[in-house]
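Dear colleague,

Please find the structure below. My notes on what was found in it follow.

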Amino acid sequence: MKVSKAKLKHFRSHRHTVLQFERVNFLRGLNKSGKSSVAQAIEMALSGRCSLTDEGGRGWEQLIEEGAQTATIVLECPAFTVTLTLDRTVGRTFKVELPGTTILGKQAQDWLAEKIAPPDVINAALNAWRFIRMDEKDQASLLARVLLPAKLELSQEVSDWLGANRLSVVERPTLFATIEATHKAISFARTEVNRKLRDLKAIVEPDEVTGSRDAVKAKLGDLQAQQTEANRKLLALSTRETADRMTADQKLMYERDIDARTKVLTELPPLLSAKAVEKLEAAARLGVRHAEVRALLAAERLALTSAEQDVEKLSKDDETGVCPTCKATLTEASRKAMFAPYMSRLNDVHATIKRLEKELKDTSDSEEAAAQLAAHKNEVRRREELRETLEQLRERHATLFAVREREPLDFTETAEQLQTELEALKQRIIRGLDVLVKMVEAEEAVKLYKSQMAERQKAEARLSELEKLLDYFGPSGIKAKLIAERLSLFTERVNAVLQWWGYSLSFTIEPYSLRITEADTPHISLTPNQLSESESYRLGIAFAVAIAQWTGLRFLIADAADILDKYDKWNLAQALLESDLDQAIVTSTGIAPVFEAEGTAFYTLSKTGGITATELDAQTSLATTSV
């Protein structure tokens, strides 16, 4: 990877800075002049975090120039451009521009992690102090992720182990994470198997079952048949007693009902005589005629009213002397002829009304006669119904008194004997059921024990397979093997840089061990915590170079090289120039003098009024640029 140009706007003290980079670049200047800010800007744009933020990039707001709302970092590379915008309101916005397309946000970060390098690799290559100040566990974890290949090829035997245990490789973005996650899943499965085995080992073998369940069932069947027969006999006795009791109760009920109805019948008032009934019937018929006369009277009165209205109307029309129909002049004779039918009708109606009114006056008691006649008929009907009911009751009563032949019972036991027999059978059946339940429980216990023993054997076999898988994916398994295959080559890359300062190292990852020796005293080996701060920085630079080379990032920032003396800075510059890195940036308070070398650039940074200014001191391009 190579950054052709970096543009910083409102990033910390860089209000507007543009740096044109060569293969190896030296940024010089006094402390707090903005050198480290360049390194932080590049690290931030490529990984989303830097030395001033936490691992998740939180705290980036402090990277924006005081008083500004946003800060922008633009890294122009030969094949793409990365832009990071920091906005106090909106947040962080990543953008990757490729020929013909633009990627934004989380997808842009994922693209950088996939195409350039994961964030932790970028941080280790762009910040030597970050790696060297990690604890041993984190150093080993990072180096393992760097050294492991991109993909794990499993043997058929291991694939079979996984399949037999219903497990699979837990895929993660890196092989290191994949192995760790798979190992964790297998450990969880082993824990579950161990928990199951612990429970299965606690089981106790039950006693063998004695006796026959079928024999017990047969005996219970006989007892239940005897119980059923005893219940049948007891029911027959109870039914006979109930029938006798019901017959006596019914006789008594009928007798009481007959007496009550007879008393009602004798206490009824006497009926009307035939002559009185005949008189009432005549009066009732007169009432019917009365109703018909009333209807006729109403019709006559309506006709009379209509005739009177017609006469009144003709009389009014007569005053005009014109007939209302033919419009001819009316004479006295024509008027009399015209009114004659009406006058005759009026006389007839008045006569009819008088006759009807007299007839109606003579029938004033007809309604009362009709009511009395209806009451008489109801009394007659009531007496007939009472007599019929009494007759029916006497017939039923007589039937109950008839001698009824009963069928003899098919047993001689009494109810008390049957009750005693039933109680004894009940106790025997209860004891038999207890025996049967215990036999079933014993048989089930034996069956369960055999099942658990078979399950235990399967669990023990699975545990053995899981132990093989744990060894394979564990610290001394495939991970250690793959790391060991690459560790010597990686160590050579680290020592290729360390030799510029007269050091070499040897280390292992599983278990983690790192020893450093000087060329002058090869018999003395030192651990990292025995090194001076300057020696630790050189060791961190050597690891950063090796990581950048191994991962293909091929990009390095050696920030804060002030800790090195003039001679060691010179060796650092030569090591970077002779390495196969695509690009390197070194920041220091001074690298003197400017030396002639292809593909180098020297910048001096200064700060005035809190704003960083940059000045290009020297720049020598490569004759042939390698990307």
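Leaving aside neighbours within four places in sequence, Thr587 is in contact (heavy atoms within 4.5 Å) with Leu27, Lys35, Ala558, Asp559, Ala560, Ala561 and Asp562. The model is predicted, so local features need pLDDT of at least 70 and side-chain atom pairs count only at pLDDT 80 or more, while totals for chains, interfaces and linings use all residues. Residues are numbered from 1 along each chain as its sequence is written, and side-chain values use heavy atoms, with hydrogens and water left out.

Thr587 belongs to strand β12 (residues 583–588); strands are DSSP runs of E with at least two residues, and helices are runs of H or I with at least four, both numbered from the N terminus. With 1% relative accessibility, Thr587 counts as buried, that is, under 20% relative accessible area with a 1.4 Å probe and protein chains only. Its side chain makes a polar contact of 2.4 Å with the side chain of Asp559. Such a contact is a pair of N or O atoms within 3.5 Å; within protein, one must be able to donate a hydrogen and the other to accept it, and residues adjacent in sequence count only if both atoms are side-chain atoms. A polar atom of the Thr587 side chain also lies 2.9 Å from the backbone nitrogen of Ala560.

Elsewhere, 6 strands form an open antiparallel sheet in the order β2-β1-β4-β5-β6-β7; strands pair if DSSP finds at least two bridges between them. Because β2 (14–20) and β7 (101–104) each have a single partner strand, one side of each is left without a neighbour in the sheet.

Yours sincerely

Key: Buried < 20%, exposed > 50% of the residue type's maximum accessible area, 1.4 Å probe, protein only.
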